[in-house]
Amino acid sequence: MIGTIWHGYTTLENADVYEDLLRKEIFSGIRDRSISGFQEIQLFRRDLSSEVEFMTIMWFDSIEAIKAFAGDDHEAAVVPPKARALLSRFDERSQHYEIRERVKNE
């Protein structure tokens, strides 16, 4: 399992609009692609003094699954134009980490 981490930042004024875009359009668009090996996406939000940070973690079975999502340059961030218009800055490259262990409270 591989976790793909990405950060984007908005102004305080754009934060709710950006989060709504993620929830209603971008995440459903990813899910609707039915990418083999895509497991889930998680959204994190942190309000800072002058901007709002968003972090996503996507879970994939393999690098091949990530390439099916992002293309051959699988570290290049996938940021649709509507999202780019709301972001003040973002990671141009995603980071991929091999998941070594997951512990759940059962």
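This is a predicted model: local features need pLDDT of at least 70, side-chain atom pairs count only at pLDDT 80 or more; totals for chains, interfaces and linings use all residues.
Just after helix α2, G71 takes a positive phi of about 100°. Helix α2 spans residues 63-70, and its buried residues are A65, I66 and F69. Viewed down the axis of α2, these buried residues fall within an arc of 100°, so they line one face of the helix. The geometry of helices accounts for such an arrangement: an α-helix has 3.6 residues a turn, so residues three or four places apart point the same way. The buried residues of α2 pack against strand β1 (2-10), helix α1 (15-32), strand β2 (38-47), strand β3 and strand β5 (95-98).

The overall architecture was considered next. The secondary structure of the chain comes to three helices and five strands, which follow the pattern β-α-β-β-α-α-β-β along the sequence. Along the principal axes, the C-alpha atoms fill a box of roughly 35 × 35 × 25 Å. Of the 106 residues in the chain, 40% are buried. Among contacts between residues at least 6 apart in sequence, 65% join residues at least 24 apart.

Aromatic residues provide specific examples of links between parts of the chain. A pair of aromatic rings is described by the distance of the centres and the angle of the planes. The structure holds four aromatic pairs. In one of them, the ring centres of Y18 and F54 are 5.0 Å apart and the ring planes stand at 70°; because this angle is over 60 degrees, the pair is edge-to-face. Y18 lies in helix α1 and F54 in strand β3, so the pair ties together parts that are 36 residues apart in sequence. Both Y18 and F54 are buried.

Another pair is formed by F38 and F60, whose ring centres are 5.6 Å apart and whose planes are at 55°, so this pair is tilted. Since F38 belongs to strand β2 and F60 to strand β3, the pair ties together parts that are 22 residues apart in sequence. F38 and F60 are both buried. Ring pairs also bring in F69, linking F38, F60 and F69 into a cluster. F69 is also one of the buried residues of helix α2.

The surroundings of W59 were then examined. W59 is found in strand β3, which covers residues 52-60. The relative accessibility of W59 is 11%; because this value is under 20%, W59 counts as buried. Leaving aside residues up to four places away in sequence, W59 touches M1, I2, G37, F38, Q39, E40, Q42, I99 and R102. The contact with Q42 includes a polar one, in which the side chains of W59 and Q42 meet at 3.1 Å. R102 lies over the face of W59, at 4.2 Å from the ring centre. W59 and I5 are 54 residues apart in sequence, yet their C-alpha atoms are 9.2 Å apart in space.

A charged group is also placed over a ring at Y9. Here the charged end of R89 sits over the ring of Y9, 3.8 Å from its centre.

Definitions and conventions. Residues are numbered from 1 along each chain as its sequence is written. Side-chain values use heavy atoms; hydrogens and water are left out. Helices (H or I, at least four residues) and strands (E, at least two) are DSSP runs, numbered from the N terminus. Buried means under 20% relative accessible area, exposed over 50%, partly exposed in between (1.4 Å probe, protein chains only). Contact means heavy atoms within 4.5 Å. A polar contact is a pair of N or O atoms within 3.5 Å; within protein, one must be able to donate a hydrogen and the other to accept it, and residues adjacent in sequence count only if both atoms are side-chain atoms. The arc is that of the directions from the helix axis to the C-beta atoms. Rings of Phe, Tyr and Trp (its six-membered ring) pair if their centres lie within 6.5 Å; planes under 30 degrees apart count as stacked, over 60 as edge-to-face and the rest as tilted. A charge sits over a ring if NZ of Lys or CZ of Arg is within 6 Å of the ring centre and within 35 degrees of the ring normal.
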